[in-house]
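Biologist: I have never looked at this one before. Can you walk me through it?

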Amino acid sequence: MTKKVAKAGSISRRRLLTTASAGAVLAVSPFRINLLQAEEAPIKIGFPVPLTGPYGAEAQDQVRAGQLAVAQFNDAGGLNGRKAELVVRDDKLNPGEAATRTLELVEKEKVNFVVGSLSAAVQLAINNVTKERGVIFNSISQSDAINEAADFSKFTFHEALNPHMTSGAVGRYAFAKFGKKVAFLTADYAYGHEMVRGFLEVGKEFNIENLGDIRHPLGTTDFSTLLPRLQALKPDILCISNFGRDQQIALKQATDFGIKKSIQIIAPLLSHASRVAAGPQAFEGVVGGCSFYWGIEDKFASTKAFNDAFRKMYDGKLPTDYGALGYGGVRTVLEAVKGAGSVETDKVVAALEALKYDYYKGPQYYRKCDHQSVQSVLVIKSKSKDMKNESDVFEVLSTEEPNEKYLRTCEALGHKS
Amino acid sequence: MAGLSFDLIALQLFAGLALGAIYVLFAIGLSLIFGMLTVVNFAHGAFYMVGAYVGLYLISIGGNFWTCLIAVPIVIGLFGLAVERVLIRPLYGRGIDYPLLLTFGLSYVMVECVRIAFGKTGYPFDTPEVLQGAVDIGVGYFPLYRLFVIGATAVVLLALWLFLEKTSFGLIIRAGARDPQIVRVLGVDVSRVWLIVFGIGTAIAGFAGLLAAPLQGVIPEMGGTILAEAFVVTVVGGMGSIGGAVLAGLLVGVVVSMTSLFAPEMAKVSIFALMAIVLIVRPQGFFGRAGLMS
């Protein structure tokens with residue numbers, strides 16, 4: 001009896017070894033790719049975002065909400081049973097790293113689509129790769145350049161707001177209310193430059209006076225040497241155009257220097273994750289824009305549904321602005337896949353162009369010429385008291401409804417109409 | 001841009017000195033360890049970061065900022081002792097690059113451990129209530145907390161100076177730095193001296209991290225930027241010279257501040273330009289002893 005058992009054991013061991021080595025051979029052989037390409041292989045969405053570095057807090061929210069969109073797609077049966085999968089990579093907020101990771105996603109992981117990025121500069125590096133390889137890229141981070149003919153391709157979509165829309169909405173609100181003398185503190189790269197350009201553009205309508213623009217490098221940890229100068233300019237409004245940890249530190253130190261006593265601080269974008277990471281004190285009274293705030297759930301059923309699904313998946317947590325973009329970016333692509341009934345690039349492009357959607361923040365659509373998502377911009381103010389929960393951080397002051405007149409014209413962007 | 005006035009320049013100069021105080025506090029620990037042990041401690045930024053996190057943790061379990069000022073250096077100092085005893089000590093007598101590589105790797109391990117324990121996202125760190133707000137210093141308003149940091153730096157420097165110059169243990173440390181062999185022949189346990197020096201150096205790094213937390217919040221990567229700047233300070237001041245680190249730290253602060261006023265885009269580069277100029281004129285830095293690296 002014992003002998004028999006031992007014998008059976010040895011056979012199974014041998015079989016195990018054979019299977020394992022066959023598996024290993026298969027794993028390294030080119031056959032594997034063919035197998036994975038079979039009908040049942042998942043629909044892969046590459047997701048390069050800066051998980052480490054100054055924008056890490058926001059990037060992690062993008063991933064969480066992106067995962068939710070994938071889970072919903074899969075729970076609803078996928079594309080005739082074919083499931084989707086998010087392949088997340090850390091681009092470290094570095095254009096070179098992002099290009100390498102994207103190339104790897106396209107070549108090695110064979111992703112069907114790319115959604116992601118969180119930097120006006122880095123997304124252009126990703127777009128360069130996807131454009132060349134003919135892969136659809138839906139960017140979920142602010143940029144004006146990505147709309148322009150030079151960077152645009154038919155594979156390029158832009159779910160996020162762009163600086164022109166954002167600074168336009170915030171400028172129209174703030175310049176009418178807080179005064180005409182404006183000083184700028186700006187992150188010295190595409191995001192900051194595009195925001196300031198937008199503010200100055202809308203400022204013409206209000207005859208604002210530009211007292212000066214002080215630029216700081218991305219990733220600055222001490223603003224103490226820049227703030228006295230800004231204070232001495234005696235502006236009505238100090239416009240701080242930076243993001244992530246730079247924004248957290250700049251607002252914290254501006255508060256310490258007592259700038260808020262006499263000057264209204266505005267920011268093109270107030271990031272939810274940064275507001276939570278920096279605490280209420282630093283952001284108190286600051287006015288800025290955003291693409292999404294969970295509090296608009298009273299207004300839109302889609303927001304309510306998105307919030308509830310997110311709460312359910314993440315232990316009662318509420319989604320943030322950049323999280324919502326991760327969700328929107330992935331969901332639009334997957335809905336287009338469903339609509340097209342295929343993952344073929346050309347069919348999905350056509351389906352995305354035809355999409356009129358309301359998935360999380362009210363009605364949106366991609367403008368035909370530059371694939372910019374036409375959508376609302378919220379103007380918000382940071383709260384420091386009467387907060388009902390840890391996500392109750394902003395108050396919506398006004399909403400700029402979706403309208404192509406707030407975008408630069410297709411001709412201005414260099415597209416043939 | 002218009003609006004340059006005497007008050008603004010004076011305030012800017014002061015902001016530079018305040019910034020310099022933070023550089024000094026960070027760099028003296030680095031310089032102390034190098035001067036006495038010839039160990040280039042690449043993990044110094046990580047000790048600084050862990051100091052901030054220990055402070056954050058102590059406050060979250062009911063401590064306050066003032067008890068942290070005592071507790072954090074003790075905790076980080078003990079941690080430093082353990083690191084020296086277990087990791088650094090076996091490398092004495094080998095090339096200068098051995099402990100350099102070890103501490104470089106250690107810094108990655110420490111940052112990653114903090115990411116696992118506390119998450120990748122940063123935390124806010126409130127300025128203690130009595131130190132909030134700005135005060136009029138005659139030429140303009142300046143944050144009270146930054147004045148406190150200058151004071152705290154001065155206290156640490158004074159204590160360190162008294163310890164090294166006025167105590168018999170300080171005498172042994174200085175002698176050990178000059179010629180460890182003779183000190184050993186005289187019957188002094190040099191390895192114990194080095195252990196304590198490393199502990200003190202890391203304790204100061206932890207203290208600096210705690211002081212920096214209310215200025216910029218707490219994040220696992222916070223030690224990275226300041227490490228690069230602190231190396232410039234130690235190189236300009238002369239590797240291993242504490243007096244040099246103080247002078248160079250303040251100078252770097254003022255140079256950054258003044259370039260910020262006239263050409264803010266150049267502020268970051270100005271530090272390295274200063275280093276290049278000093279190294280051309282005086283390769284060993286202000287007060288460095290030539291040949292310490294060889």
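This is a predicted model: local features need pLDDT of at least 70, side-chain atom pairs count only at pLDDT 80 or more; totals for chains, interfaces and linings use all residues.

Biologist: Noted. Let's start with the sheet in chain A. What is the strand order?

Modeller: The order is β7-β6-β8-β9-β10-β14-β15 in chain A. Those seven strands form an open sheet, and the pairing is mixed.

Biologist: Which are the edge strands?

Modeller: They are β7 (209–216) and β15 (394–400) of chain A. Each pairs on one side only.

Biologist: And the twist?

Modeller: From one strand to the next, the twist averages 25°.

Biologist: In which sense do β6(A) and β7(A) pair, parallel or antiparallel?

Modeller: Parallel, over seven bridges. Strand β6 of chain A covers residues 181–187. One bridge to look at: A:Ala187 has A:His216 of β7(A) as its partner.

Biologist: Which strands does helix α7(A) touch?

Modeller: Helix α7 of chain A, residues 190–206, packs on the sheet. It touches β6, β7, β8 (237–241) and β9 (264–269) of chain A. Its direction makes about 165° with that of β6(A).

Biologist: New topic. How many residues of chain A are in contact with chain B?

Modeller: 33 residues of chain A, and they meet 37 residues of chain B.

Biologist: Which elements of chain A supply that side?

Modeller: α3 (56–75), β7, α8 (227–232), α9 (245–256) and α10 (272–278) of chain A each give at least two residues. The largest share comes from α9(A), with six residues.

Biologist: Over to chain B. Where is B:Gly20?

Modeller: In helix α1 of chain B, which spans residues 6–37.

Biologist: Is B:Gly20 buried or exposed?

Modeller: Buried, because B:Gly20 has 26 C-beta neighbours inside 10 Å. The cut-off for buried is 20 or more.

Biologist: What does B:Gly20 touch, leaving out residues up to four places away in sequence?

Modeller: B:Gly249, B:Leu250, B:Val252, B:Gly253 and B:Val254.

Biologist: How far apart are B:Gly20 and B:Glu112?

Modeller: 92 residues in sequence, and 29 Å in space, C-alpha to C-alpha.

Biologist: Back to α1(B). How does α1(B) cross α8(B)?

Modeller: Their axes come within 9 Å and cross at roughly 165°. That angle is over 145 degrees, so α1(B) is roughly antiparallel to α8(B). The crossing is left-handed. For reference, α8 of chain B runs over residues 190–216.

Biologist: Which residues make that contact?

Modeller: On α1(B), they include B:Ile22, B:Leu25, B:Phe26 and B:Gly29. On α8(B), B:Trp194, B:Val197, B:Phe198 and B:Gly201 are among them. By class, the contact has 17 nonpolar, three polar and no charged residues.

Biologist: What about α2(B) and α4(B), roughly parallel or roughly antiparallel?

Modeller: First the geometry. Helix α2 (residues 44–60) and helix α4 (residues 97–118) of chain B have axes that come within 9 Å and cross at roughly 20°. That is under 35 degrees, so α2(B) is roughly parallel to α4(B). This crossing is left-handed.

Biologist: And who makes the contact there?

Modeller: α2(B) gives B:Gly45, B:Ala46, B:Met49, B:Val50 and B:Tyr53. α4(B) gives B:Leu106, B:Ser107, B:Met110, B:Val111, B:Val114 and B:Phe118.

Definitions and conventions:
Residues are numbered from 1 along each chain as its sequence is written. Chains are lettered from A and ligands numbered from 1 in the order in which they are written. Two strands pair if DSSP finds at least two bridges between them. Helices (H or I, at least four residues) and strands (E, at least two) are DSSP runs, numbered from the N terminus. Axes are lines fitted to C-alpha atoms, for helices over the stretch in contact, and angles run from 0 to 180 degrees between N-to-C directions. Two residues are in contact if their C-beta atoms, placed from the backbone, lie within 7 Å. A residue is buried if 20 or more other C-beta atoms lie within 10 Å of its own, exposed if 12 or fewer, and partly exposed in between; C-beta atoms are placed from the backbone. Angles under 35 degrees count as roughly parallel, over 145 as roughly antiparallel, 65 to 115 as roughly perpendicular and the rest as oblique. A crossing is left-handed if the near helix is turned anticlockwise from the far one by less than a right angle, and right-handed if clockwise. Ala, Val, Leu, Ile, Met, Phe, Trp, Tyr, Cys and Pro count as nonpolar, Asp, Glu, Lys and Arg as charged, and the others, Gly among them, as polar.
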